[in-house]
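The report below treats the sheets and helices of one protein model, together with the contacts between them. Please keep the sequence and the coordinates at hand while reading.

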Amino acid sequence: GPSDLAPEVWEKVKDHPCYSEEAHHYFARMHVAVAPACNIQCNYCNRKYDCANESRPGVVSERLTPEQGARKVLAVAQSVPQLSVLGIAGPGDALYDWRHAKATFELVAESLPDIKLCISTNGLSLPDHVDEIVNMNIDHVTITINMVDPKIGAKIYPWVFFDHKRHTGVAAARLLHERQMLGLEMLTARGVLVKVNSVLIPGINDEHLIEVNKAVKERGAFLHNIMPLISDPAHGTAFGLSGQRGPTGQELKKVQDACEGGAKMMRHCRQCRADAVGLLGEDRGQEFTLDKLPEFLE
Ligand code: CLF
Ligand code: SF4
């Protein structure tokens, strides 16, 4: 609750529905899918879902240009008065080809200077963009961290693309891990609130997430959100974890409970879609598809 937060932190989270359990009943968030590509491959990815970098069946969200994205935000702001946060959360990684997310935020900030800007990333490109993130007043960043042990990471990530090369195996996971930890440290040192999302993959990282929780707490993460893998049988053999089941509710709770006392647990995540609009748990995205937007907005 508010009482255990420093006033300047409360000021930042009080109307952010993901960072504050209290706020999620009253404030809405929306996502715009403007990231053109991703620089890593997660075995569980189907590139439809967002912040969670999550995988579950559904309709593919539209990929928008920055102009289209900004138009959508303005249209939503006119009809959803509770809108307080704009997040860019995949599919793809907002910080990989950062120009798209940056241009979107700049266009929106011109018309809606008070909206909070939020980014979700796999962290690989994060250390390169910390200055800009701080300068643009993006004070909420989510990093998806599924492991701190590259041997476990190698089971989750078949490759990462970095420094003009594709890396594979344990070396790829080590690179991702080092960049995630560095990015997290850099952000918290600058006063940016960082939430860590972890996808619980039974048999792969379930017991390991306690170590992830410790590692991110040590580096100043504000919240840790452990979310269940939602397996997607429709995605068949294209994905390395096909046939992988998600955890039961009990298994999820067990891991979350085991992490209590470490980095603060988030338990109200609704595993939003990449084009989600509205209060958490509400999805009004289909009301604001491109074909339904007015062509001009003041
Ligand atoms: Fe979006 Fe993520 Fe920002 Fe929230 S979602 S980019 S931090 S504004 Fe929130 Fe949705 Fe859970 Fe994400 S409930 S999936 S934690
Ligand atoms: Fe997919 Fe997100 Fe992983 Fe990229 S970071 S591969 S978009 S789940």
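This is a predicted model: local features need pLDDT of at least 70, side-chain atom pairs count only at pLDDT 80 or more; totals for chains, interfaces and linings use all residues.

Residues are numbered from 1 along each chain as its sequence is written, while chains are lettered from A and ligands numbered from 1 in the order in which they are written.

**Sheets**

Helices (H or I, at least four residues) and strands (E, at least two) are DSSP runs, numbered from the N terminus, and two strands are said to pair if DSSP finds at least two bridges between them. On these terms seven strands form an open sheet with mixed pairing, in the order β9-β8-β5-β4-β3-β1-β10; its edge strands, each pairing on one side only, are β9 (223-228) and β10. Strand β8 (residues 193-200) runs parallel to β9, the two being joined over six bridges, and V196 has H224 of β9 as its bridge partner. Helix α6 packs on this sheet, touching β5 (140-144) and β8, and its direction makes about 165 degrees with that of β5; contact here requires C-beta atoms, placed from the backbone, to lie within 7 Å, and axes are lines fitted to C-alpha atoms, for helices over the stretch in contact, with angles from 0 to 180 degrees between N-to-C directions.

A further open sheet has three strands, antiparallel in their pairing, in the order β2-β6-β7, with β2 (40-41) and β7 (165-168) as the edge strands. Between β2 and β6 (residues 159-162) there are two bridges, in which Q41 is partnered by W159 and I40 by V160. On the other pairing, β6 and β7 are antiparallel over four bridges, and W159 stands opposite T168 in β7. These two strands form a hairpin with two residues between them, and D163 in the turn has a positive phi of about 55 degrees.

**Helices**

A residue is called buried if 20 or more other C-beta atoms lie within 10 Å of its own, exposed if 12 or fewer, and partly exposed in between, with C-beta atoms placed from the backbone. The expected span of a helix is 1.5 Å times one less than its number of residues, and the table sets this beside the distance between the end C-alpha atoms.

| Helix | Residues in helix | End-to-end C-alpha distance | Expected span |
|---|---|---|---|
| α3 | 13 residues | 19 Å | 18 Å |

In α2 the buried residues are G69, A70, R71, K72, V73 and V76, and what covers them includes β1 (28-31), β3 (83-88), α3 (99-111) and β10 (277-278). In α3 the buried residues are H100, A101, K102, T104, F105 and V108, with a cover that includes α2, β3, β4 (116-121) and α4 (130-135).

The axes of α7 (residues 209-218) and α8 (residues 249-259) come within 9 Å and cross at roughly 35 degrees. L209, I210 and N213 of α7 make the contact with V255, A258 and C259 of α8.

The C-alpha atom of A171 is separated by 31 Å from that of I138, the two residues being 33 residues apart along the chain.

Technical notes. Two residues are in contact if their C-beta atoms, placed from the backbone, lie within 7 Å.
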